[in-house]
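The structure is shown below.

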Amino acid sequence: MWRNSATGWGRLARFFHWLMVLIIAVQFPLGLLMVEAYDAWLAGNGDTALVMLLSRAHNTLGFLVLIVVLLRLGWRTANPTPQLPAALKAWQRLTARTTHVALYGLLILLPLSGWSALSAYDGEFPIFFFGWDDVPRLVPQATPGSPFTSDLFGEIHESALWVLGTMLAMHVIAAVWHQFVLKDGILARMWRG
Ligand code: HEM
Ligand code: HEM
């Protein structure tokens, strides 16, 4: 079944969830490698082609995250959302809901802040999406004295990464807890449906 039911996730929702896990698992180390290559390049002993290749890959995957999360949220509103097990206490429901809302928010904030960091940059640097090297700016290029600099958006991007890491740690601990302690089939319904 492609659609969700009142008790289980459909194929498409599960596909979106695990596709996102895969993209983020690649995107995280890719971002770190890109910054390392860029710093070496700024210091004068880097490789321009490598910086461009890693940037292209990082920008492209980041834009894919934005597209997939919007499709996923759209699909979520067009479907029933499976109920949490009745045995869960109010604080557990609230924590689950808060973490999920935060995860969706971060998956939107990260691409937007990364895109803004490149847009505000006051030099020449391409914004890539696959073979397209000239993605329009999301915010204006920073002018002298403007507070909305590339560094500001870069700081937002980095802070959001810390919050994402924390939320994901909680999310995975909760999944493992449901699987092995509560044994309520929550992981199975996201995996097999
Ligand atoms: C969910 C999506 C994304 C994730 C998980 C992610 C992750 C990362 C990581 C781990 C770093 C390295 C941080 C550091 O060492 O300072 C980074 C840096 C960066 N990312 Fe992303 N990124 C995402 C989306 C994007 C997008 C869509 C763009 C641009 C179109 C982008 C542009 C940048 C830039 C310019 C940097 C270097 C400077 C900075 O820290 O802002 N990112 N990203
Ligand atoms: C990048 C990593 C991940 C992200 C961004 C993410 C995001 C999300 C979000 C936003 C939801 C809420 C779905 C909704 O209510 O619309 C969710 C549900 C879920 N996630 Fe993840 N997740 C990630 C990794 C994982 C991993 C590694 C596991 C397992 C170990 C996992 C297990 C689950 C389960 C079992 C649910 C279903 C909860 C339910 O049925 O109500 N997730 N995930």
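## Terms and model

Helices are DSSP runs of H or I with at least four residues, and they are numbered from the N terminus. The model described here is a predicted one.

Four helices each contribute at least two residues to the shell around ligand 2: α1 (11-42), α3 (90-120), α4 (150-182) and α5 (186-191). The shell comprises 19 residues, of which Ile24, His100, Leu103, Ala175 and Met190 come nearest to the ligand.

By residue class, the shell around ligand 2 consists of 14 nonpolar, 3 polar and 2 charged residues.

## Surroundings of ligand 1

Ligand 1 is surrounded by 23 residues, and the closest are Gly31, Gly62, Leu110, Gly114 and Gly154. Helices α1, α2, α3 and α4 are the elements that provide two or more residues to this shell. The greatest contribution comes from α3, which supplies 7 residues.

The shell around ligand 1 contains 14 nonpolar residues, together with 8 polar and 1 charged.

## Packing of α2 against α3

Two packed helices are described by the distance between their axes and the angle between them. For α2 (residues 48-77) and α3, the axes come within 9 Å and cross at roughly 145°. This crossing of α2 and α3 is left-handed.

On the α2 side, the contact is formed by Gly62, Phe63, Val65, Leu66, Val69 and Leu73. Helix α3 contributes Tyr104, Leu107, Ile108, Leu110, Pro111 and Gly114. The residues of this contact comprise 10 nonpolar and 2 polar, with no charged residue. Gly62, Leu110 and Gly114 belong to this contact, and these residues are also among the closest to ligand 1.

Key
Residues numbered from 1 in each chain as written. Chains lettered and ligands numbered in written order. Predicted model: local features only at pLDDT ≥ 70, side-chain atom pairs only at ≥ 80, totals over all residues. Near = placed C-beta within 6 Å. Nonpolar A, V, L, I, M, F, W, Y, C, P; charged D, E, K, R; others polar. Axes fitted to C-alpha atoms, helices over the stretch in contact; angles between N-to-C directions. Left-handed = near helix turned anticlockwise from the far one by under 90°. Contact = placed C-beta atoms within 7 Å.
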